[in-house]
Amino acid sequence: MSVTIYGIHSVRQELLSGSHSPRQLFLAMKKPSPRLEELSALAQERGIPVRMVGRPELDALVGEGRHQGVVLQLKSFEYVALETLLEQRASGSPGEAFFLILDSISDPRNFGAILRSADAAGCHAVIVPKDRACPVTGVVHKASAGALANVPVCQVTNLARTIQQLKKAGIWVFGLGAEAAGSLFSQDLCGDLALAVGCEGKGLRPNIRKQCDAVLAIPMSGSVSSLNVSVAASIALFEVVRQRRKMTA
């Protein structure tokens with residue numbers, strides 16, 4: 001399925017990364033700004049056709065999105081295979097394994113925000129289920145602020161089986177749950193690991209919770225009982241970063 005990326009920053013990051021397969025770049029038909037001229041030059045360097053079009057056509061390509069005068073169409077978004085991720089770890093990729101598992105995240109803006117945090121935290125890949133979850137779309141690209149150009153996304157058919165494969169490869173899997181007895185801040189997160197975050201409102205599905213080595217809660221002192229999933233994921237990701245940096249300091 002083709003994906004449409006829009007917005008100056010997202011398109012620029014995609015053109016610079018060269019990680020996917022752009023089909024065509026659309027630019028607003030007006031006096032070019034320096035930023036749009038840069039995007040045109042980047043596209044031409046990669047042999048990507050550039051079309052100057054009116055704003056109504058750009059509006060039609062992205063729907064309600066704010067395109068800033070630029071739209072990039074990809075032939076398709078290229079998910080990475082789980083086997084590829086595990087082979088890279090087995091071949092001695094530098095650093096301890098650090099994956100993020102998203103269980104049935106349906107909101108594209110939350111998905112994009114999580115990808116942005118995953119990139120900032122140095123996460124090696126984000127693993128998502130094929131069904132009952134948001135795929136990579138233009139809205140996800142926009143919300144990720146260019147992170148999708150750097151963070152591999154692995155789409156799997158069976159998330160529970162995937163967790164079993166990760167554990168078999170020596171990777172600990174820790175889930176997040178607001179009601180869990182264990183504390184995220186008390187758990188040693190310095191080995192090869194994957195964090196599992198559940199969907200908005202319901203959290204991790206029961207069968208996914210059962211596969212986790214432990215389910216941990218983010219300690220909270222206020223009156224709210226839960227956090228937005230993108231906020232919770234960010235806190236967990238950077239607790240891993242904090243602990244690992246402390247160990248190497």
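Contact here means heavy atoms within 4.5 Å. The structure is a predicted model, in which local features need pLDDT of at least 70 and side-chain atom pairs count only at pLDDT 80 or more, while totals for chains, interfaces and linings use all residues. Residues are numbered from 1 along each chain as its sequence is written, and side-chain values use heavy atoms, with hydrogens and water left out.

**Helix pair α4 and α7**

Two packed helices are described by the angle between their axes and the distance between the axes. Helix α4 spans residues 82–90 and helix α7 residues 159–168; their axes come within 11 Å and cross at roughly 10°. That angle makes α4 roughly parallel to α7 (angles under 35 degrees count as roughly parallel). The crossing of α4 and α7 is right-handed, the near helix being turned clockwise from the far one by less than a right angle. On the α4 side, L82, E83 and L86 meet T162, Q165 and L166 of α7. By class, this contact of α4 with α7 comprises 3 nonpolar, 2 polar and 1 charged residues.

Most residues other than glycine have a negative phi. S104 and R132, neither of them a glycine, have positive values.

| Residue | Phi | Loop |
|---|---|---|
| S104 | about 65° | between β5 (98–102) and α5 (108–121) |
| R132 | about 55° | between β6 (125–129) and α6 (138–144) |

S104 counts as buried because its relative accessibility is 9%, whereas R132 is exposed, with a relative accessible area of 61%. Buried means under 20% relative accessible area and exposed over 50%, with a 1.4 Å probe and protein chains only.

Notes
Axes are lines fitted to C-alpha atoms, for helices over the stretch in contact, and angles run from 0 to 180 degrees between N-to-C directions. Helices (H or I, at least four residues) and strands (E, at least two) are DSSP runs, numbered from the N terminus. Angles under 35 degrees count as roughly parallel, over 145 as roughly antiparallel, 65 to 115 as roughly perpendicular and the rest as oblique. Ala, Val, Leu, Ile, Met, Phe, Trp, Tyr, Cys and Pro count as nonpolar, Asp, Glu, Lys and Arg as charged, and the others, Gly among them, as polar.
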